[in-house]
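Colleague: Could you walk me through this model? I'd like to begin with a loop residue and then move on to pockets and cores.

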Amino acid sequence: MSEPSMRAELSMRAEKLDGADELAHKRAGFVLDDVVYLDGNSLGALPAAVPGRVEDVVRRQWGELRIRSWTEGGWWTAPERIGDRIAPLVGAAAGQIVVGDSTSVNVFKAVVGAVRLARLADPARDEIVVDATTFPTDGYIAESAARMTGCTLRPVTPAEVPGVLRERTAAALLNHVDYRTGRLHDLPALTAAVHEAGAYAVWDLCHSAGALPVGLDAHGVDLAVGCTYKYLNGGPGSPAYLYVRSDLQDRFDSPLPGWNSHAEPFGMRPDYAPAPGALRGRVGTPDILSMLALEAALEVWDGVSIEAVRAKSLALTDFFLECVTQYVPEGRVECVTPRQHAERGSQIALRCADAGEVMPRLIERGVVGDFRHPDVLRFGFTPLYVGFADVERAARVLAEVLAEAGERGE
């Protein structure tokens, strides 16, 4: 097939796929332009409902009601209320997620809390297993938590986790989706392996929540954390969340007790008594402006099933890989994301020798992804606002940029 015919055929297929897309109408719920935005796995696009909501929070709730908004505006209950909005997206029943603080802070709470839970049954448990390929901050936090709890840290790849678990393991901190490659790890099997060893499983959901089913309750996950500014579109620096399984909440001992997690927060007592339920995960005064922006952002999920999102995600990434195969000369890029659906998140990572030069040129031409050192082009596919025509255009522009780089001898 000639190159023009191939492009016409792929363009027609993209148009047909977009026409049959049950989530296509959700795109109108975001503030977008003609850029192909494939970096939602770093920062989600702005939901259209957010600016008006933030203005109301600032002008009316803060500007007019002032202190009364803690009660009349629902500020005080926002962390658990918004947690309940996130819960269905990660397969959790209500009352198990509290929103607040950063992902890093919540990782610290969860890992130390998991070690303390393990030691209630066996004080000799003194080892923390951590994903060696994790996002750096998770590793830093795990190392600090190990030092503070007197544990040994064992960094291993997720595939190696079952083989290193033993009677001394207290907790395992794992990533659901690898941030570099987009590899989806087997949460049910790894959680079961951790439990079989008598330890507690802590999962980082930053690159999976809002992109694919997680099933926290169904798979018996103990604790989980995640950010809200990627596939949940909460905005830059929006608050993270902490999941504590319901039957563990009365034993969860947070290493960061604060007045907001006290059983009597306004009692101002010198001795700490933890609040019941997921509220134990709170610490200090919540960041109301960003939290209520997140609450408005989550409205785009009304009427959306995470299964439909997953189906479209796989279809988008399949089509992108097909277009790249057709448009880009063989050997110019290498896909490092697993092609098997069961092992793929919602991003595609392409190894490219000159990735650091290629990505800025893609962005100049209206295709926004990101670069990961030393040689990875990373593209995130957010099914609520990315369409199949976007995918075809991204692959076509990528081929053009690579061809031009080749002509320049780069």
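Modeller: Met268 lies in the loop between S10 and helix H9 (288–297), where helices (H or I, at least four residues) and strands (E, at least two) are DSSP runs numbered from the N terminus. This is a predicted model, in which local features need pLDDT of at least 70, side-chain atom pairs count only at pLDDT 80 or more, and totals for chains, interfaces and linings use all residues. Residues are numbered from 1 along each chain as its sequence is written, and side-chain values use heavy atoms, with hydrogens and water left out.

Colleague: Is Met268 buried or exposed?

Modeller: Met268 counts as exposed because its relative accessibility is 58%; buried means under 20% relative accessible area, exposed over 50%, and partly exposed in between (1.4 Å probe, protein chains only). Its phi is near 50°, a positive value in a residue other than glycine.

Colleague: And what is phi like at Arg66?

Modeller: Arg66 has a positive phi of about 50° although it is not a glycine, and it is found in the loop between helix H2 (50–65) and helix H3 (69–72).

Colleague: Switching to Asn233, where is that one?

Modeller: Asn233 is in the loop between strand S9 (223–226) and strand S10 (241–244), and it counts as buried because its relative accessibility is 2%. Leaving aside residues up to four places away in sequence, Asn233 touches Phe30, Gly44, Ala45, Pro47, Thr228, Ala297, Trp301 and Tyr385, contact meaning heavy atoms within 4.5 Å.

Colleague: Which residues have the most contacts inside the largest nonpolar core?

Modeller: Those are Leu205, Trp301 and Phe320, in a core of 85 residues; a nonpolar core is a set of buried Ala, Val, Leu, Ile, Met, Phe, Trp, Tyr and Cys residues joined through side-chain atoms within 4.5 Å. A second, separate core of 28 residues includes Val98, Ala145, Val202 and Phe252.

Colleague: What lines the largest pocket?

Modeller: The largest pocket is lined by 17 residues, of which Thr103, Phe135, Cys206, Tyr229 and Lys230 lie nearest its centre. A pocket here is, on a 1 Å grid over the protein atoms alone, an open set of points where a 1.4 Å probe fits, with protein on both sides within 12 Å along at least five of seven lines, and lining residues have an atom within 4 Å of a point. The elements giving two or more residues to that lining are helix H5 (103–121) and helix H6 (136–149).

Colleague: Last one, which peptide bond is cis?

Modeller: The bond from His373 to Pro374 is cis, with omega near 5°.
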